[in-house]
Amino acid sequence: MKYAYYPGCSLERSAASYHTSTMAVAGELGLAFQEIPDWNCCGATEYFSLNLLPAYSLVARNLALVPDDLSELAAPCSACYVNLKKTDKYMHKYPKLGAQVNEALAAGGLQYKAGRLKVRHLLDIMVNDVGYQTIAEHVSKPLSGLRVAPYYGCLIVRPDGGFDNPEQPTSLDRLLRALGAEVIDYPLKAQCCGGHMTQITANVAYELIRRLLQNAADYKADLIACLCPMCQLNLDAYQGKVNSHFGTDYNLPVLYFTQLMALAFGLSGDAVGLGSEIVSSAAALAKIGLEVPKPEAKPKRPDKQALPMPTMPDQEA
Amino acid sequence: MDEKVKVGVYVCHCGTNIAGVVDVEEVAKWAANLPNVEVSRDYKFMCSSLGQELIEADIKEKGVNRVVVASCSPHMHERTFRGACSRAGLNPYLFEMANIREHDSWVTTDKLQATNKAKALVAAAVGRVAHQQPLESLFVPIDPHVLIVGGGVAGIQAALEIADSGNPVYLVEREPSIGGHMAQLDKTFPTLDCSACILTPKMFDAGNHKNITLLTYSEVEEVSGYVGNFTVTIRKKARHVIEDKCTGCGACTEKCPKRVVDDAFEAGLGYRKAIYRPFPQAVPKYPVIDTENCIYYERGKCKACQMFCPTEAIDFDQKDELIMVKVGNIVLATGYDLFDARRIPQLGYGRLANVFNSLEFERLSNAAGPTGGKIVLRDGVTAPQSVAIVHCVGSRDRNYNRYCSSICCMQSLKFAHLVHERLPGSEVYNFYIDIRTPGKGYEEFYHRLLEEGTHFIRGRVAEITDAARRPGEEGKLIVQAEDTLVGAQRRIPVDMVILSAGLQSRADAKEVAIKFGISCSTDQWFIEKHPKLDPVATMTDGVFVAGACQGPKDIPASVAQGSAAAARVLSIIGQREIEIDAATAIVNEESCVGCKECLASCPYQSIEFLAHKNKAHVIEALCKGCGTCVGSCLSKSISLRHFTDDQLVAEMIGAMQTMNLFEMSELEVA
């Protein structure tokens, strides 16, 4: 399977480990990601609040640069994914906007036919194109005994996500379960990490981050798995700030789901950029280093008095 | 017919309904000059007995042999004027109606154009009526047997009413016992009488009535025929218990080693055995083996039930039985499904242990339920200190069902009352969008609840979570909602949440509708013939609907519909034979090539294929005269009586000539 690949600015610097681990996992799974030549920034969340037409044009340039033989574009960053997808969709939905954007692109000798590309988030590709079954088959060092909080953030499933339930997404849960991890029910899994609010009104962002960390800690998570460089940065780099602001002592490493995939596939920590996170994952990962055999999950005999629970449709995976 | 055509035209004023816009006198005067018109009159109310007498007198005295009434819609008064013709000795099919009210005076204020259009419509009818032929209606005898599908309260009610009148009833129920959803409930609103106490006597009567054949654990496979003469095939699923031998002692259930979650009667909140009777008062009393869970069917051994049965009533080899019955009328009372609250994941049902749906709570509060009526959390022991009740779950929501489920407000109020009653001192919060309590004694019940101290928060619940954010929230379920009266977000920590899930049509409603030849709304509720004036009949004669299968309904309304459907059925049975409209399709056997195209096009399965002749044949009693087959016939061998080509062409010519006369555009006449 071959995809055009839009890494986005973060993956060159702060989220370099996301890029390395993605490439490592792709190699294992036989996925080919062809980076778009001369790509530029997607404008993140800010540019769209300032001036729409230049913002759309900025994003559309990346779409226009995708070689003709590729029809699907993969984006690992949630913000990039949403911007690329939104631009393609709106250029299609509003032909006037499409024409204006193409006029701007024409200045650089480019043009993009809206609807040509299918923009996909990396998680979507992993769970829907590769599939849980294939992923499970590649696991050589299951993450048994590791309690992971699956954190989706607010962007990939809403409003245009389309590949998972916007209120209660479960694709990352199932992927992590396929890796052998123990996935906690993480009620805040699709709530906001604060985004760039850390730069604008830090107190608001700290509270949003605190909620996420507190909830993961309440459920005794060993680490948080994320799929967006912004989420990772906020939860990881601001964890110390949050601790000093609220007087808490959270110590929750935040890793990319691709890093966990690579580890489960038996790749070394160095190969997937482990150690570049600020809150060290060493203690948490020591658990898998021990190779704890997977506990036999025998269904507990229901207590005579207890009432049965309704089952959820995706519990089998 | 060689007799000279003499048309009588009667233009109705309908008070000012028509005459206020259309110059009716002018129309009548103008129509007098149309070809074949013998007499043309206008009159205040043609439908009055004096108006009808005008027609009758002209037929008798002036030799009028075709009648056109320009008035309202045929839906309204076609029968009236056909009757007037019949009384005067004229075949009713020699009458034609021009609709100058709904199609004309009610839709414009332009008097000149309205008058011109009325003329065009009258001219069309006059042109058509000359080509109309006398037709004779068909009469078919009615089989007094009645099939009732669904043994909930609506079906039971209909069955008892019909059976009491002395007519035989087949009552078919899918589950092992009749009783339906009502048997699961604890109390009924607003009187709070015990649901089982008022239902079980009716169930017992239905089970023991000499005129009712009870077919539980059975489903209708196939229906053919028409009003008065349906043939129905019913699959009686194997119970693996011989009913003639079983005494209902219950030894088999007691000895059965396999315990399974009861998703049906206990709404998933309790357990039953693999051989079971859904509940103690089940009718009939015979248990049934659930072959999917029975150890014998899994591993080939066990047979504990057989060993302990004192009357040797267990038969592991019993097979499904197909029963064919003939009935004259059918009542569908198939009920509803509960909305699956798991479809709204942010409300936590299925993830958070102490979120219950409404049927679970019914079982929880029921004295015969899994906790003996104790309201407790999912651990089965702890009584909640605070309970939130969420209204409109899956109802009035464009993401799920747009309609109001109608019962949930009252049901939620009842729940609040039961919590107050069983757990004094507990706090109850009702989250609602609007409180809708239309019904006898319902509003009074709401006020009673207000006085009992229930908290009412007007706001749709955004989320139910166990992620604590503030002190006091730890270990609780937090209900987050926007209080639209205060204009603020509220987070209420509670121990238990009850989701008042809405009502949905049965998952297989569409298939059932197709099987019985009736139609479903977009929400898959069965469609009645007329929402106000014919609420239990359907467009298919002889098939009636009652209860929640037609739309969300509470018990009183379901019972009323059960009785209404019974009355409609009895009125048909009392006629002994039924008249079928003569406007049916007919095959010209000389030109029919036997391609069977019409068989596939007929929505009522009313065309049969005569293999020995290689011709299609219309079963007149089944034909509704829709004309689809006429359009589908490649060799133009089917025509529709009363809608023949020459009649329709004459009608069009009449309209178009008048349009030309007044230089009207097509739009104005359309």
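So, the sheet in chain B: four strands make an open sheet, running E2-E1-E3-E4, with parallel pairing. A strand here is a DSSP run of type E with at least two residues, a helix is an H or I run of at least four, and both are numbered from the N terminus. Two strands count as paired if DSSP finds at least two bridges between them. At the edges sit E2 (37-43) and E4 (95-99) of chain B, each pairing on one side only. On average, neighbouring strands of this sheet are turned by 15° against each other, direction ignored; the axes are lines fitted to C-alpha atoms, with angles from 0 to 180 degrees between N-to-C directions.

Just so you know, this is a predicted model: local features need pLDDT of at least 70, side-chain atom pairs count only at pLDDT 80 or more, and totals for chains, interfaces and linings use all residues. Residues are numbered from 1 along each chain as its sequence is written, and chains are lettered from A and ligands numbered from 1 in the order written.

Back to that sheet. E3 (66-71) of chain B pairs with E4(B) in the parallel sense over five bridges, and B:Val68 has B:Glu96 as its bridge partner in E4(B).

Now, chain A. An automatic or database assignment sets the domain bounds: domain 1 is 2-122 and domain 2 is 139-289. Their centres, over C-alpha atoms, are 25 Å apart. How many residues of domain 1 of chain A are in contact with domain 2 of chain A? It's 24, against 23 residues of domain 2, where contact means C-beta atoms, placed from the backbone, within 7 Å. H1(A) gives the largest share of the domain 1 side, nine residues.

Conventions: Contact = placed C-beta atoms within 7 Å.
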